[in-house]
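Good morning, and thank you for joining this group meeting.

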Amino acid sequence: MEDLLYLVHRIPYPPNKGDKIRSYHLLKHLSRRYRIFLGTFIDDPADWQHVETVKSLCAETCIVNLHPLAGKLASLRGLASGMPLTLPYYHSARLQSWVDILLASRRIKHAFVFSSAMAQYLHGRKIARRVIDFVDVDSEKWRQYGNAKRWPLNQIYHREARLLLDYERRIASEFDHATFVSGAEARLFKRLAPEAAGKIRFFNNGVDADYFTPQAEYANPFPSGVRPLVFTGAMDYWANAEAVEWFAHKIFPVVRARQPSAVFYIVGARPTPAVRALGTMEGVTVTGSVPDVRPFLAHAALSVAPLRIARGIQNKILEAMSMAKTVIASPEAAEGIHAIAGRELLVARDERGFVDLIVSHLRSGALSYVGAAARERVMRHYSWQSGMQQLDALLDPATADQQPLDFGSARRMAGSTGRGLP
């Protein structure tokens, strides 16, 4: 087995949120072919219990504690230096030293970098094959944040978007290949970085359809006589928090007025104070962390994904689809999903669209067919195996350049009301 350096901005375990789901499956797959030298951070104290699990997949690790407040203070150096704030946030002298010693002492020919922030550790270092998985176009996320926030945060976010895009373009030009989570993200980055267009690829996230199955028996976590609308996701993530606040204040009261049995469950760890406050509203429950989201999905009347700021693929949607749930999503949340709008995934453009679709389903169940079709879509197009095989080709210089410009199973979503789906 050959050696491979794998740099990840957050420990790739447990696979309980979007980036960690992808980075874990990458680690698991790569460990079958390479001796993995993993450099990563832990920003949640609860994740230290999982270190041994990660080490069991690696030849050597360098795991650095990252306190979010310390990271934010460190990022202020970027304001004075003219660099993106993201880079000093994830800079560690200890990790850089480990990388340098490793490269000097071993014949490492392959490096795989997960997220743009970790590319800084390979700046000026020579490795035969370097591939970066940007996952999403992070600079575009910061641009969206800037458009949604008020002064002075909007100025800081727009600055980050501009500088981070410059950095992403440099990385893409320097590395052998750059990958994204969806065709939509890949196409966007090609427009933003045309000089690197020939290096851009994508491969979809997968879903463990045997785990997220509607066939298993799950205890009902809801009171009797209610029709639950469920949102799942990490609730300390601003885009998720903003989505449920908008839904709870603008959409759910109208739904409940028309359908009194409707309840709204916000299922996810670390809810912000604003999200916790939603639990005081009539019919709204904020669960906090739960040991298993599957019972909430299995017994939900609907899964909702009302994100107004979103990048890449929303795993929460894929997991609900795999559970044969009817999902109603915003165009932004649906953008990365390869599915037929109106048949496998419902897309609501605005508040009225959400209300009409939700009430129609709760009253008559006329949209129940969507869940079964959604499960079939996941089974056909969202396996980790196909994406991982294509990643292998990128890491092999003999075959990587023979790959088509875009690969992956995704194409535009027929009938989509979004900005264009892979």
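This is a predicted model: local features need pLDDT of at least 70, side-chain atom pairs count only at pLDDT 80 or more; totals for chains, interfaces and linings use all residues.

Residues are numbered from 1 along each chain as its sequence is written, and side-chain values use heavy atoms, with hydrogens and water left out.

Where does Glu 140 lie? Its place is in helix H7, residues 138-148; helices (H or I, at least four residues) and strands (E, at least two) are DSSP runs numbered from the N terminus. The side chain of Glu 140 is joined to that of Arg 143 by a polar contact of 2.5 Å. A polar contact is a pair of N or O atoms within 3.5 Å; within protein, one must be able to donate a hydrogen and the other to accept it, and residues adjacent in sequence count only if both atoms are side-chain atoms. Setting aside residues up to four places away in sequence, Glu 140 touches Leu 188 and Arg 311, contact meaning heavy atoms within 4.5 Å.

Let us turn to the strands. Strand E1 (residues 2-8) pairs with strand E2 in the parallel sense over six bridges; two strands pair if DSSP finds at least two bridges between them. In general, strands of a sheet pair through backbone hydrogen bonds, either parallel or antiparallel. Within this pairing, Gly 39 in E2 is the bridge partner of Leu 7. Together, E1, helix H1 (residues 18-30) and E2 make a right-handed β-α-β unit. A crossover is right-handed if, with the strands pointing away from the viewer, the path from the first strand over the helix to the second runs clockwise.

Why is E2 described as largely enclosed by the rest of the structure? The reason is that eight of the nine residues of this strand, residues 34-42, are buried. E2 also pairs in the parallel sense with strand E3 (residues 60-65), again over six bridges, and there Phe 37 stands opposite Glu 60.

On strand E4 (residues 110-114), five of the five residues are buried, so this strand too is largely enclosed by the rest of the structure. His 110, Phe 112 and Phe 114 are buried on one side of E4, and Ala 111 and Val 113 on the other. Five bridges join E4 to E1 in parallel, with Val 8 opposite Phe 114. A further five bridges join E4 to strand E5 (residues 129-135), also in parallel.

Ile 132 lies in E5 and is buried, because its relative accessible area is 0%. Ile 132 and Phe 114 are 18 residues apart in sequence, and their C-alpha atoms are 5.9 Å apart in space.

Next comes the nonpolar core, a set of buried Ala, Val, Leu, Ile, Met, Phe, Trp, Tyr and Cys residues joined through side-chain atoms within 4.5 Å. The largest such core has 137 residues, and Leu 5, Tyr 6, Leu 122, Phe 264 and Ile 358 touch the most other members. Helix H10 (residues 238-258) gives the most to this core, with 10 residues. Leaving aside neighbours within four places in sequence, the contacts of Leu 5 include Phe 37, Trp 98 and Leu 122.

A further sheet deserves mention. Six strands form an open, parallel sheet in the order E10-E9-E8-E11-E12-E13. Strands E10 (284-288) and E13 (346-347) stand at the edges, each with a single partner strand, so one side of each is left without a neighbour in the sheet.

Finally, I draw your attention to two peptide bonds. A cis peptide bond joins Tyr 13 and Pro 14, with omega about 0°, and Pro 14 lies in the loop between E1 and H1. The bond from Trp 151 to Pro 152 is also cis, with omega near 5°, and Pro 152 is found in the loop between H7 and H8. Thank you for your attention.

Key
Buried means under 20% relative accessible area, exposed over 50%, partly exposed in between (1.4 Å probe, protein chains only).
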